[in-house]
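Okay, thanks for coming, everyone. Let me put the structure up, and then I'll talk you through the inside of it.

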Amino acid sequence: MKKKHKIGLVLGGGGGKGAYQAGVLKALQEYKIDKYITHISGTSIGAINAVAFLSGGADKCVDVWENIDNSIALTKKSLKDIIVGKSLFSRDGFIDVAKREIDFDKVSNSKINTFVIAAPIGRKNANAQDKFKLNGLKKDEIINILLATSAIPYIYEPVYINGIRYKDGYAVDNVPIKALKDEGCDTIFVVPLREYSPGPVHANNYTTIIDFVSGYNDYGFRDGTLDFDKDRAKMRIEHGYEVGKQLIEKLIREGVIAIKWRHKIRQKWINYKNKKNYKEINYYYSLKKSEITHKPRESEEDITMNEGIPKLKVEGNKKKFFSGGSKKNDKENQPEKSVNKRI
C-alpha cells in the first residue's frame with residue numbers, strides 16, 4: 001500500500017518578529033526544499049507570510065517586509081475611532097500593502113493546501129479555533145481571513161466572518177502543527193516566533209518535526225510583536241536565514257536530507273555503515289535542542305517520497321532505507337545505537 005508523502009510548513013504568530021520567517025523561507029528556497037512543500041498552516045503574521053510566500057516565494061516575502069514599517073502596521077486612529085472600535089490601531093496600512101504586493105489569484109489557485117487559524121469570540125470553549133482553507137477563495141475573502149487571524153485584542157478590531165467575530169489565533173494555536181498533522185503531513189518544517197509546546201511533543205512515529213526555533217531572545221511584546229522597524233526587520237531576516245542554513249546543513253551532514261547527488265551518495269554510505277546498528281529512529285530536529293528518539297512504528301506500508309527526497313520502505317517492524325534513505329548516529333546528543341529518520 002503506497003502513501004503519498006506530504007511535507008508541511010508551519011508559520012507561527014508573533015507580529016513584527018515574523019521577519020525571521022522570511023529569512024528561514026529564503027534558506028529553504030536557496031536549498032530548493034521549498035518546492036517539496038505540499039501543505040502550509042499559519043497563525044497571525046505567519047498566515048500573512050504564508051500568503052506572501054505563495055504569491056512569489058521567499059523573495060516576495062522579503063519584499064513585503066521591506067514595504068512595512070511601524071506607521072503602516074500600526075496605523076494611527078482618531079480618538080473617536082479608538083473608542084468606537086475598542087482598539088488602538090487601524091488595518092488600513094496593511095490592507096494597502098497587501099493589495100499592492102500580493103497576487104491573490106496565485107494564492108487562491110496554488111496547489112499547496114493552505115490553512116489559517118483564527119479564534120472565534122464568544123464560544124463556551126475558550127480554546128475554540130476555526131481552520132480556514134484559502135485555496136479557491138476570492139481576494140476579499142482571503143484578506144478578511146488574514147485580518148481575523150492577526151486581530152490582536154485591543155490592538156486591532158475583531159473581524160467578522162460569516163457573522164462570527166474572530167480575534168488573533170495566537171491564544172488558541174499560535175504554532176498550528178496539529179492543523180497539518182490532521183491533514184496527514186508526515187514531515188513538517190516549523191518556524192515559531194515565540195515559546196510554544198516544544199516540537200518533541202508533536203513529533204512521533206508518524207510525524208517528523210524539523211524545528212527552526214531561534215535561540216535569539218526576541219520574545220517581547222512591545223519590542224518584538226509590535227516592532228515593525230525596517231532595520232530590525234532586516235536583522236531578523238538575516239538571522240532567520242543563518243539559522244535556516246545552519247539547520248539544513250546539519251541535516252545534510254547527518255544524511256537526513258539529500259539535495260544534490262553527492263548528498264545521496266553520503267546518505268547511502270551512512271546507511272551502509274549503520275544498517276546493523278540501529279534500534280531507534282529520530283523524529284525531531286532543531287539547533288536549539290538535541291534530537292530525541294522514538295521507537296519505529298510497526299506497519300506494512302510503503303512510503304514513497306517525492307523525487308529528490310529519500311525513500312523509506314517499511315516491512316513489519318523492519319525498516320530498509322534506499323534511494324538515499326540513510327541512517328547516522330548523533331554521537332554527541334543521542335543514545336547509542338540510534339539513527340535519524342530520513343525525509
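I'll start with the overall numbers, then go through the cores, the rings and the sheet.

Quick housekeeping: this is a predicted model, so keep in mind that local features need pLDDT of at least 70, side-chain atom pairs count only at pLDDT 80 or more, and totals for chains, interfaces and linings use all residues. Residues are numbered from 1 along each chain as its sequence is written, and side-chain values use heavy atoms, with hydrogens and water left out.

Buried here is under 20% relative accessible area, exposed is over 50%, and partly exposed is in between, with a 1.4 Å probe and protein chains only. The accessible surface of the protein chain is about 16300 Å², and carbon and sulfur atoms hold 49% of that. Those areas are from the Shrake-Rupley method with a 1.4 Å probe, and for residues only the protein chains shown count as cover. On contacts, meaning heavy atoms within 4.5 Å: take the pairs in the protein chain at least 6 apart in sequence, and 68% of them join residues at least 24 apart.

So what's in the middle? The largest nonpolar core has 75 residues, and the members touching the most others are Leu9, Leu28, Trp65, Phe212 and Ile248. Helix α2, residues 45-66, gives this core its largest share, 13 residues. Apart from it there's another core, of 10 residues, including Phe115 and Tyr284. By nonpolar core I mean a set of buried Ala, Val, Leu, Ile, Met, Phe, Trp, Tyr and Cys residues joined through side-chain atoms within 4.5 Å.

Not counting residues up to four places away in sequence, its contacts include Tyr20, Val24, Leu28, Phe189, Val243 and Ile248.

Now the rings. Searching the whole structure turns up 3 aromatic pairs. For Trp65 and Phe228, the ring centres are 6.1 Å apart and the planes are at 10 degrees, so that pair is stacked. They're 163 residues apart, with Trp65 in helix α2 and Phe228 in the loop between α11 (221-225) and α12 (230-253). Both Trp65 and Phe228 are buried. The cut-offs: rings of Phe, Tyr and Trp (its six-membered ring) pair if their centres lie within 6.5 Å, and planes under 30 degrees apart count as stacked, over 60 as edge-to-face and the rest as tilted.

Two charges also sit over rings. Arg91 is over the face of Tyr156, 4.0 Å from the ring centre, and Lys131 is over the face of Phe115, at 4.8 Å from the ring centre. That needs NZ of Lys or CZ of Arg within 6 Å of the ring centre and within 35 degrees of the ring normal.

On to the sheet. Which residues of β2 are buried on each side? Ile7, Leu9 and Leu11 on one side, and Gly8 and Val10 on the other. That's 5 of the 5 residues in β2, residues 7-11. It pairs with β10, residues 187-191, in the parallel sense over 5 bridges, with Leu11 opposite Val191. β2 also runs parallel to β3, joined by 4 bridges, and there Leu9 stands opposite Ile40. Pairing means DSSP finds at least two bridges between the strands.

Keep going from β3 and you get to β6: those two are parallel over 5 bridges, and Ile40 stands opposite Thr114. β6 and β7, residues 130-133, pair antiparallel over 4 bridges, with Val116 and Phe132 as bridge partners. β6 is also antiparallel to β9, residues 164-167, over 2 bridges.

Last stop, Thr43, in strand β3, residues 39-43. Thr43 is buried, at a relative accessible area of 0%. Leaving aside neighbours within four places in sequence, Thr43 is in contact with residues including Leu11, Ile117, Thr149, Asp168 and Asn174.
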